[in-house]
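Reader: Hi, I have a structure open and would like to talk it through with someone. Could you take my questions as they come?

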Amino acid sequence: MSSAEQWTQPGENPAATAAKPTPEQVIAGLRATSEGGTELVQLLNPEGERIASPQFDRYVEDVDAEQLRGLYRDMTMVRRVDREANSLQRQGQLGIWVPLLGQEAAQIGAGRAMRPSDMAFPSYREHGIAWCRGVTPQELLGIFRCTDHSGWDSSATRFHPYTIVIGNQVLNAAGYAMGQRLDGRVGDDGGEATICFFGDGATSQGDVHEGFVWASVYDAPLVFFCQNNQWAISEPTERQSRLPLYQRARGYGFPGIRVDGNDVLGCLAVTRWALEECRLGNGPVLIEAFTYRMDAHTTTDDPTRYRLSDELEAWKLKDPIERARVHLSRNGLADNDFFEQVASDTDELAAELRDFCVNMPDPPPDRIFSQVYADPSSVLDAERDEFLSYLDGFVGAGER
Amino acid sequence: MMAAPAKAGADIGSSSVQNLTLGKALNLGLRTAMAADPKVIVMGEDVGKLGGVFRITDGLQKDFGEHRVLDTPLAESGIVGTAVGLAVRGFRPVCEIQFEGFIFPGFDQISSQLAKLHYRTQGRVKVPVVIRVPFGGGIGAVEHHSESPESLFAHIAGLKVVSCSNPVDAYWMIQQAITSDDPVLFFEPKRLYHSSNLKAPVDTAAVPDPLFASRVVRNGNVATLAAYGPSVKVCMDAATAAAEEGTSLEVIDLRTLSPLDLAPVFDSVRRTGRLIVVSEAPPESSITSEIAARVQQECFYSLEAPVLRVTGFDTPYPPTKLEEHYLPDLDRILHAVDRSRAW
């Protein structure tokens, strides 16, 4: 399926021009990047209709009504977590929040394609992947309430800490995947794989390019999962690349594929395929999930300064949750009771999250010095002792 | 892709004492560490077939296989960044940066990931990576091949930084750095790698000093010289010359730069009252300035003169036709001793 030649030969219908906006589209604020081009893999269209895919159907043939409902529920739950956390930031309970709004299908599709033995390296917007890995929304909050730098057990969940420096995690993931191969855990269906998440902006980072080089020359079982949400804060994808991002893989000698990132079934199928390729020893693989950041970069950002609302309105018609809902309804795969139950579950989750958040204690001052090193440092120990003894000198210090 | 391991630990030798250069001692230390733990892997540019541009990893790939000694693509961020991932996976990578002047593409990974993952995860993730860095001048090289950037790394919380000055320490310290669960920047005095004058008997059956400890290497009572890496030998030569003129100098090999182990320095300064810190690095905001600050704090009433420094200058490394002026030498050190005594 994925000989190097296949992917290093230019296609007959290169989609490079598909991303080029017409002057009319630019004037209308509708950049052509709202369309994914002719090579876009799509199993559910925005109207919720199932589109046959000779290449990828077999990767979701086991997905029955119950699993589809599960995917819908996952997306709805993480959207509610996202909206609740966004509100908590607005109310001063979080220092910052990084919205995933609009990227639920990309993340739930990819996250549910993983096996427990696979490893994930996220950026900092991967709340949906966290959900799939069993990291609770509560465990995410410490980072954004600024009480910790990473609150979950990354080896038990196989979900690496969020990486905030853009693109760093791609090299860390390449190293981890090299280790899976060195450990002899690649080569059959029981093998392991790694998946690494990053955005369109990160594709300009040297670390991402080096990650492509390392993973390819060491045949690492690594899926590069790029969520192209069209915006790196204020910079459109045109500032990062001349050609569609998935086509970059050709230059490194491995497969690159663009999937509709708002199509949860498509993302599930394509990621399952990619992880299977990696487990079998045919990695790495690049997936570009073509999606849209429907909210701001973070709660400190103001997208009205750099993009027109027409664009957002166009993408609302492609909403990942809405199309799954329509698909379930139209095909009689879910009834009203189901949708009401999910809505009630999201309310409950949001209430729990809010309650947890507002009651999170601040860490004690000696936490500053905790676990800088695995083995003690006499210099740091002395610094800590001096500071704590200074604090103890205040009246009422003992009551702290 | 990977060859099966060959006879691991081969060629270590039968006698426990071998007369080795610093470079050969490092090679033997790496070999011993690899034989002791199959999770130890060596990675870097040209470290395999070639044995590294300085031959420090000579023969390791032949004996341990391509799956233990990785010739990497030519990108330092990639070397460090993938080493971090390998460590998360459970390996103990030993990276070679070819020359210290090429470490900066890897600086981001070193500072942002390697140094911080343990703290970020409150100890749940350990990153036992060693980064070997040939450093310092005196080899008549072109730009970027003679620098001393160790202070930049000592400034980063989460890293440990050490430097060896002789074959015995080289042999033990590299093994101790590899078994450390913290990331260690390991600075090697490249101009001494193959110095036959520095050859020393390395007893592989001995009990080594701890890694993060400095050591008095020559006793004296007039003034204290503190140095690390290539400057230790210069200080020892200065102390020998001073002794011929009847001046007794104490010399301390700092060995560990982060955390600094200054107790032996404080003890010494309380006896001698005078301290000269020697390093090839530019003096501003450096290891030497840190030592001066701490000694004035701890030994204020013992000091007979301010702490003086003999260092490189606050310039980029000069064209090497000028490096004999830039590098601390015997005369500059003895001049500093005279200034201290005359204060």
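Reader: How far apart do the C-alpha centres of domain 1 and domain 2 of chain B lie?
Author: In this predicted model, the C-alpha centres of those two domains of chain B lie 26 Å apart; the domain assignment gives residues 18–203 as domain 1 and residues 215–342 as domain 2.

Reader: And how many residues of the two are in contact?
Author: On the domain 1 side of chain B there are 25 residues in contact with 22 residues of domain 2 of chain B.

Reader: Which element gives the most to that side of domain 1 of chain B?
Author: That is β6(B), with four residues, while the elements giving two or more are α6 (150–154), β6 (160–163) and β7 (184–189) of chain B. By residue type, this side of domain 1 divides into 10 nonpolar, nine polar and six charged.

Reader: Switching topic, how many residues of chain A are in contact with chain B?
Author: The contact involves 35 residues of chain A and 37 residues of chain B, and on the chain A side the largest share, 11 residues, comes from α8(A).

Reader: Okay, and what about helix α6 in chain A, which residues are buried there?
Author: In that helix, which covers residues 137–145 of chain A, the buried ones are A:P137, A:L140, A:L141, A:I143, A:F144 and A:R145.

Reader: What do they pack against?
Author: The buried residues of α6(A) pack against α3 (65–90), α5 (127–133) and α14 (336–358) of chain A, and just after α6(A) comes A:C146, which takes a positive phi of about 65°.

Definitions and conventions
Residues are numbered from 1 along each chain as its sequence is written. Chains are lettered from A and ligands numbered from 1 in the order in which they are written. This is a predicted model: local features need pLDDT of at least 70, side-chain atom pairs count only at pLDDT 80 or more; totals for chains, interfaces and linings use all residues. A residue is buried if 20 or more other C-beta atoms lie within 10 Å of its own, exposed if 12 or fewer, and partly exposed in between; C-beta atoms are placed from the backbone. Two residues are in contact if their C-beta atoms, placed from the backbone, lie within 7 Å. Domain bounds come from an automatic or database domain assignment. Ala, Val, Leu, Ile, Met, Phe, Trp, Tyr, Cys and Pro count as nonpolar, Asp, Glu, Lys and Arg as charged, and the others, Gly among them, as polar.
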